[in-house]
Amino acid sequence: MYEKVFELINDEISMMSISTPSTLELVKIEIKGIKVKLVYLDKKSMKVQVRLYEVDLFGQEPKLKLKKDYMKPYTDKYFR
């Protein structure tokens, strides 16, 4: 099960790196149960983009569902 979850996260990260500008840098990955948080730093505008996902394990095939996507000003707490 965990292998499939990590595979889904890897696919999502690779899709983000292809579809977004090169100014975004993946800084942090948090996995808590079925919740996944990806934190990106936009080096150009010095803002942090946070993407929250939930793993859907009960469907025909497991997949990541995007729950929330937002931008925040840069603070040091994302780099601890």
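Predicted model: local features only at pLDDT ≥ 70, side-chain atom pairs only at ≥ 80, totals over all residues.
Residues are numbered from 1 along each chain as its sequence is written, and side-chain values use heavy atoms, with hydrogens and water left out.

Color by element. From the N terminus, the order is α-β-β-β-β. Show the C-alpha trace next: along its principal axes it spans about 40 × 25 × 20 Å.

Now go inside. Of the 80 residues in the chain, 28% are buried (under 20% relative accessible area, with a 1.4 Å probe and protein chains only).

Select Val5, Leu8, Ile9, Ile13, Met16, Leu24, Val36, Leu38, Tyr40, Tyr53, Val55 and Leu64. These 12 residues form the largest nonpolar core (buried Ala, Val, Leu, Ile, Met, Phe, Trp, Tyr and Cys residues joined through side-chain atoms within 4.5 Å). Two or more core residues come from each of α1 (2-19), β2 (35-42) and β3 (47-56). The largest share, 5 residues, is from α1.

Stop at Tyr53. Which residues does Tyr53 touch, leaving aside those up to four places away in sequence? They are Glu12, Ile34, Lys35, Val36, Leu38, Leu64, Lys65, Leu66 and Lys67. Contact here means heavy atoms within 4.5 Å.

Zoom out again. Among contacts between residues at least 6 apart in sequence, 33% join residues at least 24 apart.

Notes
Buried < 20%, exposed > 50% of the residue type's maximum accessible area, 1.4 Å probe, protein only. Helix = DSSP H or I, 4+ residues; strand = E, 2+ residues; numbered from the N terminus.
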